[in-house]
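Here is a quick walk through the model, one region at a time. Keep the 3D view open as you read.

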Amino acid sequence: MAEPARETIYALSSGRPPAAIAVVRISGPHAGEALKTLTGKVPAPRTAMLTRIRGCEGEAVDQALVLWFPAPHSETGEDVVELQLHGGRAVIASVFVALSQIAGLRPAEAGEFSRRAFENGKLDLTAVEGLADLVMAETEGQRRLAFRQMTGVLGNRAENWRTQLIQALALIEAGIDFSDEADVPQDLVAPALQIARTLEGEIGSVLADSGRGERLREGLVVAIAGPPNAGKSTLLNRIARREAAIVSPYAGTTRDVIEVHLDLGGLPVTLLDTAGIRETTDPIELEGVRRARERATAADLVLWVVDAGDPTTGSMDLSAPAEKESLTTPIWLIRNKIDLLRDRRRNEDQCQSKRSNESDGRFTESLTGVVNNQSTRTNEPEFRSSETKFNVSAVSGEGVDALLTALTRHAETFLVGGESALVTRERHRRALEGARDALRRALGHDIASREDLLAEELQTAARALGRLTGRVDVEDILDVIFRDFCIGK
Ligand code: GDP
């Protein structure tokens with residue numbers, strides 16, 4: 001049955017104008033015709049041609065490179081035209097007006113080119129996800145992970161498993177459907193079970209990656225928390241101002257959490273400032289605060305910032321008592337404002353020198369000693385388990401480099417091995433778990449003699465894998481049965 005004719009779509013595929021070059025893509029059955037309308041000709045496939053682009057009145061609007069990718073050898077699998085225009089707003093606007101007047105053309109919706117690539121079998125779902133991740137990748141580690149995914153490392157593996165499952169199913173279905181005996185012959189069931197056993201092991205070992213791929217994709221999430229006025233926002237700003245570290249500072253999804261994305265040694269680290277978490281009775285704000293708190297407590301690491309000179313701070317209060325107990329997250333104690341301690345000490349030194357005749361050398365302890373003495377009284381009981389403590393000044397920047405170095409090291413440990421992981425999303429994990437669980441049931445004793453149930457579980461596993469790549473299709477199960485077995489009954 002012929003598919004209904006699809007609309008031809010077009011969009012600006014490059015970044016925001018004005019720019020040196022703007023890439024406009026056109027995909028669909030009218031792409032070639034559109035190119036002819038704009039330029040009067042169609043170049044040889046996949047060969048760049050420099051030509052005049054004409055607007056809707058026939059006037060020349062630009063001189064541009066154009067490329068013609070006839071179906072199916074194109075990104076979307078359809079006829080595709082790529083225009084490399086000069087990237088001025090007026091140029092793009094004129095070309096868009098001209099395109100809008102060609103019958104059968106319309107502006108593309110978000111993600112529509114990739115969607116067509118998927119529908120035309122150019123990309124499986126995991127590759128589409130990898131492509132999206134590649135565009136969004138902020139660090140080298142994330143880029144490598146996304147690139148592997150886009151090139152089908154997970155998708156191909158899943159397809160391979162699914163093909164084997166379909167072969168196993170074919171064996172059993174053949175036995176059920178075509179056996180004259182009451183029982184399905186064991187020489188059909190045994191190899192099917194062997195396939196199921198092998199796949200259960202392989203899928204299990206991919207799942208046993210401790211979530212490393214998901215972690216790398218998300219990055220190490222670090223919440224900055226602590227009592228009000230300890231200097232959390234100042235510390236975040238201080239870190240964010242380091243050009244080398246910063247990727248993109250932007251306000252978070254709720255107004256209660258500020259996020260800063262860092263690239264530490266190629267690894268993604270997101271810092272969350274929870275300073276906005278506050279007491280409120282406004283129901284909408286309460287929801288925001290609840291989410292902010294949830295985000296902070298779900299962090300992979302907490303930097304608990306205290307004012308090193310304030311003996312009243314340091315109690316670990318996230319304003320929700322239950323959270324403290326539920327925090328299994330590592331906590332680093334950050335003693336901030338050590339510059340004030342130095343100032344205080346200087347004052348004390350001055351006072352002391354006035355009383356120099358009374359001096360007995362009691363003020364010879366190091367700055368660190370002062371910091372420790374000042375803060376240990378109240379903080380130590382809370383942080384006895386915390387090995388990691390830092391003395392910093394968010395205002396002067398002192399100690400911040402050491403903190404960043406430690407964060408980098410922590411990110412390395414936390415995200416180690418992520419790049420080679422196959423599972424990068426919860427969706428993948430759920431699909432693979434679905435497949436593995438079905439295989440386990442298939443291998444269970446209770447259905448060993450029930451080939452119909454066995455077939456059902458194998459089908460469930462195959463469907464789960466099909467959902468992973470987006471290629472669920474029962475037709476191919478039947479295809480394999482009739483092609484491989486050719487049972488002429
Ligand atoms: P937050 O409520 O924890 O986010 O605290 P802020 O970052 O708003 O800081 C509270 C006050 O402490 C501000 O006036 C800051 O300028 C000051 N402050 C923060 N860090 C330091 C520091 O390292 N040294 C000094 N002297 N003042 C600081």
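## Around proline 18

Start with proline 18: setting aside neighbours within four places in sequence, its contacts are Gly87 and Arg89. Bear in mind that this is a predicted model. Proline 18 sits in the loop between β1 and β2. Another residue to look at here is alanine 90, 72 residues away from proline 18 in sequence, with a C-alpha to C-alpha distance of 9.2 Å.

Is proline 18 buried or exposed? Its relative accessible area is 56%, and since anything over 50% counts as exposed, proline 18 is exposed.

## The six-stranded sheet

Now for the sheet. Six strands form an open sheet with mixed pairing, in the order β3-β4-β5-β2-β1-β6. At the edges are β3 (49-54) and β6 (105-107), each of which pairs on one side only. On average, neighbouring strands of this sheet are turned by 30° against each other, ignoring direction. Helix α3 (residues 112-119) packs on the sheet, where it touches β1 (8-12), β2 (19-27) and β6. The direction of α3 makes about 135° with that of β1.

## Strand β5 and its partners

In the sheet order, β5 sits between β4 and β2. Strand β4 (residues 60-69) and strand β5 (residues 80-87) run antiparallel and are joined by five bridges. To find this pairing in the viewer, look for tryptophan 68, whose bridge partner in β5 is valine 81. Leucine 65 stands opposite glutamine 84 of β5.

With β2, β5 is again antiparallel, and here eight bridges do the joining. Alanine 22 has leucine 85 as its bridge partner in β5. How many residues of β5 are buried? Six of the eight are, so the rest of the structure largely encloses this strand.

Helix α4 covers residues 125-136, twelve in all. At 1.5 Å a residue, α4 should span 16 Å, and the 17 Å between its end C-alpha atoms agrees with that. Which residues of α4 are buried? They are Thr126, Ala127, Glu129, Gly130, Leu131 and Asp133. As a reminder for reading such a pattern, an α-helix has 3.6 residues a turn, so residues three or four places apart point the same way.

Two of those names come back at arginine 425, which touches Glu129 and Asp133, along with Glu214 and Arg217, once residues up to four places away in sequence are left out. Arginine 425 lies in the loop between α14 (400-414) and α15 (426-443). Its relative accessibility is 18%, and because the cut-off for buried is under 20%, arginine 425 counts as buried.

## The ligand site

Over to the ligand. There are 16 residues around the ligand, and those that come nearest are Asn229, Lys232, Thr234, Asp339 and Ala394.

The backbone also takes part. A backbone N or O atom of glycine 231 is 3.0 Å from a ligand oxygen atom, while for alanine 230 a backbone N or O atom lies 3.2 Å from an oxygen atom of the ligand. Valine 395 has a polar backbone atom 3.2 Å from an oxygen atom of the ligand.

## The chain as a whole

Zooming out, the chain holds 17 helices and 13 strands. It has 489 residues, of which 47% count as buried. Among contacts with a separation of 6 or more, 69% come from residues 24 or more positions apart.

Terms used. Residues numbered from 1 in each chain as written. Predicted model: local features only at pLDDT ≥ 70, side-chain atom pairs only at ≥ 80, totals over all residues. Heavy atoms only, no water. Helix = DSSP H or I, 4+ residues; strand = E, 2+ residues; numbered from the N terminus. Expected span 1.5 Å × (residues − 1). Buried < 20%, exposed > 50% of the residue type's maximum accessible area, 1.4 Å probe, protein only. Pairing = 2+ DSSP bridges. Axes fitted to C-alpha atoms, helices over the stretch in contact; angles between N-to-C directions. Contact = heavy atoms within 4.5 Å. Near = heavy atom within 4 Å. Polar contact = N/O pair within 3.5 Å; in protein donor to acceptor, adjacent residues only side chain to side chain.
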